[in-house]
Amino acid sequence: MVKEMATDKLNAKNINVFYGQAHVIKDVSMSMEANSVTAFIGPSGCGKSTFLRCINRMNDYIDGFRMTGKMLIDGQDIYKKKVEVEALRKDVGMVFQKPNPFPKSIYENVIYGLRIQGINNKSVLDETVERSLRQAAIWDEVKDDLNKSALSLSGGQQQRICIARTLAVEPSIILMDEPASALDPISTAKIEELIHELKSKYTIIIVTHNMQQAGRVSDKVAFFYIGELIEYSETKELFINPKEELTQNYITGRFG
Amino acid sequence: MRLKEKIIEGILLLCAAVSILTTIGILWVLISESSVFFLKVPLTEFLFDTQWTPLFAEKHFGILPLVAGTVLTSFIAIVVALPVGLTIAVYLNEYAPKGFRKFIKPILEVLAAIPTVVYGYFALMVITPFLQQIFPQMAGFNALSPGIVMGIMIIPMISSLSEDALYAVPKSLREASYGIGATRFQTSFKVLVPAASSGIVVSVILAISRAVGETMIVAIAAGQQPRLTLNPFVPVETITTYIVQVSLGDVVQGSLEYQTIFAAGIALFILTFVLNNISFYVKKKFEEKYE
């Protein structure tokens, strides 16, 4: 293992992705430090979600999916044969675009990740529920209704339950695929605030359509366009002083 | 133009009316004929007597032995069909490659297209002798063998409808489960099956209803001895078999023996009617849940 990689949480090297004949990610290389927030921006269909889903191998089940290159987490290639994809996904959590709680109680939703690992110790589960819900900034709202169906909550609350569910298994990386795009402004603000707080413990990668959001929450921004990584730099740098004309045109709204 | 529209509308209405009128007609015959029966035999005897011997010298008219035969064979069928059918549904939905699924589903449904008389002889000539090697005390006619074969027959009903229900579970739930490190097995049985449970329940009820109404298999392989028992090794008689037996025999039209088949028929009708309504109710609930 090359030394310099050790300091990076994530290191993608020459990633190419194909869906059948379509070449959707073109030779993307990038690295991320631990405890940072990275935002992926770019127009629809630019490959930012596809790239995100390569990091926890969520594309594996898609027919015709093929990837070349190396995706290293803590220096380990996650596409090696011996890697257990379940263990990987426990370490690389994911929050989806639409809140997707299970049709179960709030409590059971949060501990789902523990249940599937065979953890049934009541006090461990109770502690996990409280810790995760507090981290997800929703404990005070739901602490008296833990046995209520998660589906009875509002969209914003559901999304924070889903974040708590992800936090419960103590991942080191959290992938967020447009986590606030289906939410109202107040819920969005809460999620953004949450991202700030979670940064101290987790490495966060967030896909977003909303450039203001990328500017507010991220340390670094990666701009994708038709499968290519056009520009990747510090957030301020990218928004104030973009190096590429394409980036400039996108962030000023000349196309979207 | 106007007139033509009217005529077309009339023809369409007529077609719809045929099926409704047939149902009403059947109900009318069942009720009117069995009401004659119930004038002669008290309802309490029909419901609570433990013997059914209308064709013997000493007549008893208790429906319970026939109901027991029906319930027993149907229960055996569902015990066979539910685990197998559900496993197939989960396999097709979550494990099988897409091409394989397209190929295997129609083949499975062929099971439902086999004439039931073939199933009946299969039970009598193949399954029963095979089972007798394992259970030597088993009679040539019994509830177990046709029950198992009926189970095989209704597997495609359960697997196909359950598969549809599993398929209808939003993709986002699947992703939520995989995204947190669940295996396919855990995702299937901890998330998908519970989320699709109402659809699965509907498939099971419809399958039971099919088994309760099944005639040929039990008529061939279960025997014709009304017996109030839950022993799967001895001959029993189901409601449907009894109706066949009397319809084919030389019972005098209009006699009390003749009217028993309408009483048995209405009991069967009520049983399947209730089952179908439960499934309809569950289905409606299910639709409310997913918008």
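These legends describe close-up views of a predicted model.

**View 1. The hairpin of β1 and β2 in chain A.**
Strand β1 covers residues 8–19 of chain A, and strand β2 covers residues 22–33. The two pair in the antiparallel sense, over 8 bridges. One bridge links A:Ala12 to A:Met30 in β2(A). Between the strands lie 2 residues. Here A:Gly20 takes a positive phi near 60°.

**View 2. An open sheet of 6 strands in chain A.**
Its strand order is β6-β7-β8-β3-β9-β10, and the pairing is mixed.

**View 3. Strands β3 and β9 of chain A.**
Strand β3 (residues 37–41) and strand β9 (residues 220–225) of chain A run parallel. They are joined by 4 bridges. A:Thr38 stands opposite A:Lys220 in β9(A).

**View 4. Helix α7 across β6 and β7 of chain A.**
Helix α7 spans residues 155–168 of chain A. It lies across β6 and β7 (173–177) of chain A. The helix runs at about 170° to β6(A).

**View 5. The surroundings of B:Thr70 in chain B.**
B:Thr70 sits in helix α3 (residues 64–95) of chain B. Its relative accessible area is 2%, under the 20% cut-off, so B:Thr70 counts as buried. A polar atom of its side chain lies 2.9 Å from the backbone oxygen of B:Leu66. Leaving aside neighbours within four places in sequence, B:Thr70 is in contact with B:Val212, B:Thr238, B:Ile239 and B:Leu271.

Key: Residues numbered from 1 in each chain as written. Chains lettered and ligands numbered in written order. Predicted model: local features only at pLDDT ≥ 70, side-chain atom pairs only at ≥ 80, totals over all residues. Heavy atoms only, no water. Buried < 20%, exposed > 50% of the residue type's maximum accessible area, 1.4 Å probe, protein only. Polar contact = N/O pair within 3.5 Å; in protein donor to acceptor, adjacent residues only side chain to side chain. Contact = heavy atoms within 4.5 Å. Pairing = 2+ DSSP bridges. Axes fitted to C-alpha atoms, helices over the stretch in contact; angles between N-to-C directions.
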